[in-house]
Amino acid sequence: MRRVTLPALQRLLLLSTIATLWATLPLSAQSITAARINEVMIDNVDNYIDNYGKRSPWIEIYNSSAGTIDLAGCFLTDDPQHLKKYMIPKGDVLTVVKPRQSVVFFADEMPMRGTFHLNFTLAPDTTHYLALISNDGSTIIDEVEVPASLPANHSYARVEDGVRTAVAAEAWHITQHTTPGSNNVVKDKNEKIDRLQEADPNGFVMTITAMLVVFSGLLILFLAYKLVGIVAMRIEGRQESLRDRLEKRLDQKPAEETSITEDPLVAVAISLALTSELEIGGGEAPGRLTIQPRTQPYTPWSDKSQMMRPTVDCKRLKA
């Protein structure tokens with residue numbers, strides 16, 4: 001076996017660390033570019049309210065990637081000549097945006113109110129340029145031009161969350177259904193149900209389909225129970241056949257093979273008699289085994305025949 005030395009392990013560990021850092025840095029840089037300006041409201045008359053109970057213009061930033069991004073250190077601006085107009089503060093955990101989630105910034109010229117309050121505002125009936133700048137202060141991550149014809153309480157939002165198109169204007173539309181801090185596309189209808197309603201307005205096909213499903217289920221249950229019953233009957237028939245064959249074999253067994261002395265007491269008596277005959281030697285008639293009846297009443301304490309020994313006469317010695 002080849003022996004790995006300590007310097008070799010150190011070099012391997014160093015190369016692994018470098019490879020991990022090299023793979024991680026591009027991912028981090030790529031993830032911040034997934035941030036999108038997703039929805040903008042200019043004239044907020046009676047729409048979204050901030051934490052101070054005030055209504056002001058707002059900008060929604062959306063994370064279109066599958067990874068978490070941190071907006072801290074990036075910039076928001078409404079002036080293409082001044083890209084570092086508002087820097088998103090660092091150290092706020094709320095600037096971390098999870099995948100497919102969004103955060104809202106209020107353009108109220110009140111940066112002292114917190115991280116999500118910008119140092120500029122957006123006036124109605126005016127075309128506005130908005131841009132999200134990377135933390136290097138020069139790279140434009142996303143930008144949009146909001147038209148001046150935006151009605152009150154309407155927002156300028158992407159048709160699909162975070163999706164760009166070849167023509168920038170085609171990715172946006174004016175909507176009264178505002179969704180600050182949430183997805184722009186909210187599915188409140190079921191396309192399949194709508195198509196079925198158009199194809200079967202009276203519900204006749206749905207009724208027939210439901211009946212077919214119910215009867216098909218009952219048929220499947222019937223076939224399943226029928227199959228289980230057939231298998232059970234076959235198993236029971238095999239067991240009965242085995243019992244019948246076993247009984248026939250016992251009935252056909254020869255008579256001489258059966259034991260004559262089925263009573264265990266008879267077998268014990270014969271064994272004792274044979275033992276007594278062999279040890280004492282002979283009975284009343286030569287060649288015959290005789291069992292003499294007991295003259296004394298049976299007492300377990302004086303029954304010496306159970307000891308399978310001949311009785312010995314003991315005489316008292318004279319003093």
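This briefing covers salt bridges and surface patches. The model is predicted. A search of the whole structure finds 3 salt bridges. Two of them involve Asp 142, which pairs with Arg 158 and with Arg 164. The surface carries a negative patch that includes Asp 251 and a nonpolar patch that includes Ile 208.

- Asp 142 and Arg 158 form a salt bridge through their side chains, with an N to O distance of 2.7 Å.
- Asp 142 sits in strand E9 (residues 140–146) and Arg 158 in strand E10 (residues 155–158), so this pair ties together parts that are 16 residues apart in sequence.
- Asp 142 has a relative accessible area of 5%, so the residue is buried.
- Arg 158 is also buried, because its relative accessible area is 2%.
- A salt bridge also joins the side chains of Asp 142 and Arg 164, at 3.4 Å from N to O.
- This pair links distant parts of the chain, 22 residues apart: Asp 142 is in strand E9, while Arg 164 is in the loop between E10 and strand E11 (172–175).
- Arg 164 counts as partly exposed, because its relative accessibility is 45%.
- Shared partners join Asp 142, Arg 158 and Arg 164 into one network of salt bridges.

**The Lys 85 pair**

- Lys 85 forms a salt bridge with Asp 78.
- The closest N and O atoms of Lys 85 and Asp 78 are 2.7 Å apart.
- Lys 85 has a relative accessible area of 26%, so the residue is partly exposed.

**Negative surface patch**

- Five acidic residues make up this patch: Glu 236, Glu 240, Asp 244, Glu 247 and Asp 251.
- Asp 251 belongs to helix H3, which covers residues 204–251.
- Asp 251 counts as exposed because its relative accessibility is 66%, and the cut-off for exposed is over 50%.

**Nonpolar surface patch**

- The members are Phe 204, Val 205, Ile 208, Met 211, Leu 212, Val 214, Phe 215, Leu 218, Leu 221 and Tyr 225.
- Together they have about 1100 Å² of accessible area.
- Ile 208, one of these members, is placed in helix H3.
- Ile 208 has a relative accessible area of 35%, so the residue is partly exposed.

Technical notes: Residues numbered from 1 in each chain as written. Predicted model: local features only at pLDDT ≥ 70, side-chain atom pairs only at ≥ 80, totals over all residues. Heavy atoms only, no water. Patch = residues over 30% accessible without salt bridge, like charges linked within 9 Å, V, L, I, M, F, W, Y side chains within 5 Å. Areas by Shrake-Rupley, 256 points an atom, 1.4 Å probe, with all protein chains shown as cover. Salt bridge = Lys/Arg side-chain N within 4 Å of Asp/Glu carboxyl O. Charge placed at Lys NZ, Arg CZ, Asp CG, Glu CD. Helix = DSSP H or I, 4+ residues; strand = E, 2+ residues; numbered from the N terminus. Buried < 20%, exposed > 50% of the residue type's maximum accessible area, 1.4 Å probe, protein only.
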